[in-house]
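Subject: Handover of a structure

Dear colleague,

Please find the structure below, together with its sequence.

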Amino acid sequence: MSHRRITFIQAVREAFQEEMRRDERVFILGQDVRAGIFGTTSKLVGEFGEDRVINTPICESASVGAAVGAAMTGLRPVVQIMFGDFNYLAMEITANQAGQWHYLSDGALKVPMVIETPSGARGGAGYGHSQSLEAAFILPPGLKVAVPSTPYDAKGLLKSAIRDDNPVLFFEHRRLLTQRGHVPEEEYLIPLGQADIKREGKDVTLVALSATVQKALSAAERLSQQGIEVEVIDPRTLVPLDKETIFKSLQKTYHLVVVEEGRRRGGFGAELTAIAAEEWFDTLDAPVQRLGTISAPLPYSPVLEAACIPSEDDIVRAVLRSLGQEE
Amino acid sequence: MATAITMPRWGMIMEEGRIVEWLKKEGDEIVVDDPILIVESEKVDNEVTAPAAGILKAIVVAEGETAAVGAVLAVIASPDEDAAAVAALLAQSSPPPAAEPPPAVTSAPPPPAPKPRRVNISPAARRMAEDKGIDWQSLEGSGPRGRIERKDVLRAIETAQSTPPGAKSIPLSPMRKAIARRTLQSIQAPQAALCRETDISQVLRFRHSLTAPDWTGDKPPTFTTLLVKAVAMALAAAPILNARLHDDAIWLDDNAHIGVVIAVEDGIVVPVIREANKKTLIEIATELNDLTQRARSGGLTSAEMEGGTFTISNAGPLGIDFFQALLYPPQVGALGVGRGRQRPVVVDGEIVIRTMSYFCVSSDHRVVDAEPIGRFLGKMDEIMQNPDVLLKRTV
Amino acid sequence: MALDNDTLKELYRNMVTVRLLEKRVERLVTAARIPCSGHFGTGQEAVGVGICGPLRSDDYLFGTHRGFAEYIGKGMAPAEILCEYYGKATSLSRGRLGQHLLKVDVGIMPLPSSLGSEFGMSVGAALSSKLRRSGQVTVNLFGEGTAGQADFGPALEMASLWQLPLVFVCNNNQYVELAHYRNVVATEDIAPRAGGYGVPYEIVDGNDITLVYDATERAVSRARNGEGPMLLEFKTYRRGTHYTGDPGGYQPREEIAAWEKKDPIDRCRDRMMAEGFWAETDEQAMRETIEAEIEAAVQFAEESPYPDPATVTENIYAQGGDKS
């Protein structure tokens with residue numbers, strides 16, 4: 001096994017290359033995918049040609065619609081939405097069409113497609129280019145939602161998403177794109193619906209998504225110096241959700257904290273908290289602590305942006321609150 | 001063949017319609033598609049036309065009335081139609097099955113269960129307590145807002161497991177824990193106890209001689225009632241005893257707020273009679289009676305047990321002769337009263353029989369020396385010998 | 001491929017089936033035998049039926065919510081339509097679709113409730129058949145009102161940019177829901193908008209099924225030959241209301257009467273009789289057969305069971321995926 005370290009961007013691009021070589025039904029469309037704004041699709045056109053790497057006019061809804069139509073008729077499209085925020089432009093197609101026709105046709109139609117979408121706050125992009133909207137896709141039926149936090153996870157999840165027969169939203173946090181991580185040379189897949197324990201601990205179960213996984217790990221290091229051992233779990237996909245891994249951890253810690261960069265109100269944390277209240281009630285020794293972005297438009301100034309988004313300090317405090325060590 | 005005219009459904013949400021007007025009357029001859037009546041739904045007024053030709057035999061729903069979608073409104077039949085066919089159609093009063101929702105499952109709500117005492121406990125702690133047979137209702141929680149958490153249950157389990165053989169482990173009740181805290185707090189104060197044997201014969205006689213308007217009760221006032229009044233008066237002679245110690249300052253109170261120790265089921269409580277110095281015997285008796293009742297039913301508020309400046313503990317009913325009452329910091333004085341016993345005593349050179357009792361003052365030596373206590377007990381003695389002064393309102 | 005007499009008879013039969021079936025379903029809606037409201041298209045049957053004439057069975061059709069013309073035309077049976085409307089277990093979707101008629105194996109593709117959402121999907125279907133070199137053509141039928149939807153322009157743009165085998169067909173029946181289309185559509189004609197995207201277009205009388213067939217034939221052949229998309233606008237008229245129970249009254253009587261004279265079914269029959277290959281006896285026999293078929297279909301749907309509620313969670317997700 002090699003110890004190669006590559007960036008998140010390279011990992012995603014490798015997933016595309018491998019899957020496009022493997023299956024000629026796979027193609028990519030989106031705005032400027034030939035050049036590749038964030039690099040995940042750059043240079044693919046050279047190998048796969050303009051028929052399989054297609055620049056679209058500036059219209060997210062029709063582009064996602066085209067992906068749905070192509071997916072229903074035998075291809076396996078990947079459509080890129082350049083910024084997560086722009087998913088709302090295509091929300092009608094994603095929510096009302098892509099996720100529903102397999103069911104409505106009683107299985108006669110399949111919609112095997114991926115919506116690849118860089119998202120999240122990186123400082124300086126401001127309103128309209130910085131939101132984390134993954135939780136908005138928990139609500140419509142029929143969709144799967146992946147939120148990788150490392151290059152390794154990104155590659156393995158994207159390959160599975162491309163091979164899945166359902167529409168999969170694939171969120172790439174822009175703060176992670178340039179980060180490096182261990183990715184083996186050998187081919188591997190990560191199934192959708194399998195959480196990863198990023199750090200073991202016995203005192204508190206801390207569920208974190210996407211870019212907040214790293215903040216959670218740093219917070220856990222700090223808390224460890226105070227004798228508090230935090231278990232950090234990255235669910236990796238919100239739908240399907242690996243409830244078992246989280247529950248197993250909770251049966252050890254009895255304390256649950258959930259952090260995401262998406263908005264707290266009605267977010268993934270709200271869903272997980274509801275699951276905890278319904279299904280894991282007897283394993284809660286304290287109220288669930290839920291962290292997310294405040295319900296305000298994301299402002300431009302880096303100082304204001306940081307004030308909206310959960311920080312490492314916020315996570316430390318939430319863990320202490322969970323343990324009754326801070327009100 | 002007889003044909004029913006039924007309430008039509010127009011649009012997706014129509015559930016019923018109102019007959020605005022019948023355009024035909026019973027007996028009229030009808031041609032297919034003839035307008036027969038006008039129906040008003042939530043959205044529109046519209047004509048209903050004849051589905052078949054014949055005679056309008058019967059109108060079932062009158063103008064102005066409302067009928068559900070699918071309900072029979074009228075019947076058209078040929079002139080020679082069998083009356084039974086018409087009647088059969090008229091019997092169809094309910095809408096067709098396609099429009100019917102499945103029957104809702106209903107059941108009577110269960111009778112409300114009696115409300116248990118509300119104790120905050122985390123779900124995980126409760127599950128653990130129930131699994132291990134721990135009575136969590138009696139546990140004290142260490143979490144926020146007193147919530148019982150797993151560690152509290154774990155501690156209770158440990159205690160239960162460490163009980164020596166032959167012994168039964170009873171967890172300390174919240175009240176016992178409060179008493180434990182207060183007594184521990186009390187012994188922090190350097191205390192002295194000074195006693196005086198006091199003749200209470202006069203005051204006992206006085207107790208039974210009271211009449212209206214000085215006393216209106218069925219029974220004579222309790223001895224404790226008289227003590228509260230007497231102490232409030234006697235404290236005026238030794239104001240340093242009617243005080244509270246706060247850090248480096250002594251707070252002297254203008255009024256006497258007298259705590260009275262009351263025994264309840266599993267401990268004691270000390271409610272306070274405020275401004276006892278300004279109250280009549282009747283007022284004190286009424287208040288004390290109310291506080292006692294509520295103390296025994298657990299109905300005292302914490303505010304009613306705070307702010308005392310001096311405390312009385314009457315152990316006479318328990319058969320105690322002589323004891324040192326517990327001091328309640330930050331108060332600096334408490335009076336313990338033992339039981340009254342008839343004894344031979346020498347008065348003016350003669351041996352007489354009198355009812356005697358030991359009055360014993362516990363004090364915080366940081367604030368109070370022997371002299372004011374002597375003065376206070378002397379004043380108490382004086383009042384006991386001249387109980388009529390107890391009828392005075394103000395000191 | 002010219003329209004021969006047998007094909008015209010088949011198209012005529014389909015139009016009559018559509019007319020009679022719509023009337024029958026309208027009665028069932030009003031009688032609350034089926035749970036949805038209906039949107040019918042009396043007077044515009046030639047468009048939906050005619051455009052299907054030149055299509056292969058594997059060509060893709062994205063249809064409209066109004067009436068059954070293109071669904072009968074593309075190969076759905078009255079019983080299949082009725083079972084969907086009843087929501088019975090015997091419907092193709094097992095009770096999931098209702099009015100959103102779908103029959104994948106004859107190329108009938110999804111009808112989104114949010115009309116216009118199919119524009120992108122039809123681009124995708126056409127792109128797919130182009131990339132797969134399958135020779136399939138996609139027809140996207142829509143109303144003049146739906147041309148106002150956001151994806152209409154981008155779909156024309158993509159179809160033109162990528163030279164897709166995609167035929168846009170505007171069924172201009174002059175009424176958008178409860179108002180004349182000129183209340184909400186800025187131009188008399190929709191078709192010239194295609195020109196702005198470099199897509200050729202034709203405007204054709206939609207009440208003459210032979211003209212509908214011929215125009216579609218030209219556009220479909222072009223598309224199949226790799227010459228790119230086209231837009232056809234058929235002028236027709238919706239003689240009924242928007243939905244069952246719509247009080248109507250917004251269509252002038254004279255206007256309805258004038259279009260009744262141009263009824264596509266009457267015109268087709270008169271022409272066939274004038275040309276001598278259709279007789280009154282043929283007409284009688286055909287109508288009796290169709291009515292019997294419809295009554296049998298109603299009875300089948302009525303007698304069919306409702307779906308088992310336990311099936312409600314089946315096929316939310318496709319299982320398995322690509323295991324190769």
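Which residues are linked in a network of salt bridges? The model, which is predicted, shows such a network among Arg4(A), Glu14(A), Glu18(A), Glu19(A), Arg22(A), Lys155(A), Lys159(A), Arg163(A), Glu185(A) and Glu187(A). Over all chains, the whole structure holds 68 salt bridges. Side chains of opposite charge can pair when their charged atoms come close.

In chain A, Asp165(A) and Lys110(A) form a salt bridge with an N to O distance of 3.6 Å. These two residues are 55 residues apart and link distant parts of the chain: Asp165(A) is in the loop between helix H6 (151-163) and strand E7 (168-173), and Lys110(A) is in the loop between H5 and strand E5 (114-119). Asp165(A) counts as buried because its relative accessibility is 8%, whereas Lys110(A), at 37%, counts as partly exposed.

In chain B, the closest N and O atoms of Asp34(B) and Lys24(B) are 3.7 Å apart in a salt bridge. Asp34(B) sits in the loop between strand E3 (29-30) and strand E4 (35-40), and Lys24(B) in the loop between strand E2 (16-22) and E3, so parts ten residues apart in sequence are tied together. Asp34(B) is buried at 18% relative accessibility, while Lys24(B) is partly exposed at 22%.

In chain C, Arg33(C) pairs with Glu302(C) in a salt bridge (2.9 Å, N to O). Arg33(C) belongs to the loop between helix H1 (5-30) and helix H2 (45-52), and Glu302(C) to helix H11 (residues 280-303), so the pair ties together parts that are 269 residues apart in sequence. Glu302(C) is partly exposed, with a relative accessible area of 28%.

The contact between chain A and chain C takes 44 residues from chain A and 41 residues from chain C. About 3300 Å² is buried between the two chains, and carbon and sulfur atoms give 64% of this area. Thr73(A), Tyr103(A) and Asp106(A) supply 20% of the area that chain A buries there, more than any other three residues. Asp106(A) also meets Arg94(C) in a salt bridge (2.6 Å, N to O); the count between these chains is two salt bridges. There are also 15 residue pairs in polar contact between them. On the chain A side, H3(A) gives the most, with nine residues. By class, that side has 18 nonpolar, 14 polar and twelve charged residues.

Finally, chain B is divided into domain 1 (3-93), domain 2 (123-167) and domain 3 (178-391). The centres of domain 2 and domain 3 of chain B, taken over C-alpha atoms, are separated by 40 Å.

With kind regards

Conventions. Residues numbered from 1 in each chain as written. Chains lettered and ligands numbered in written order. Predicted model: local features only at pLDDT ≥ 70, side-chain atom pairs only at ≥ 80, totals over all residues. Heavy atoms only, no water. Contact = heavy atoms within 4.5 Å. Buried area = accessible area lost by both parts, 1.4 Å probe. Salt bridge = Lys/Arg side-chain N within 4 Å of Asp/Glu carboxyl O. Polar contact = N/O pair within 3.5 Å; in protein donor to acceptor, adjacent residues only side chain to side chain. Helix = DSSP H or I, 4+ residues; strand = E, 2+ residues; numbered from the N terminus. Nonpolar A, V, L, I, M, F, W, Y, C, P; charged D, E, K, R; others polar. Domains from an automatic or database assignment. Buried < 20%, exposed > 50% of the residue type's maximum accessible area, 1.4 Å probe, protein only.
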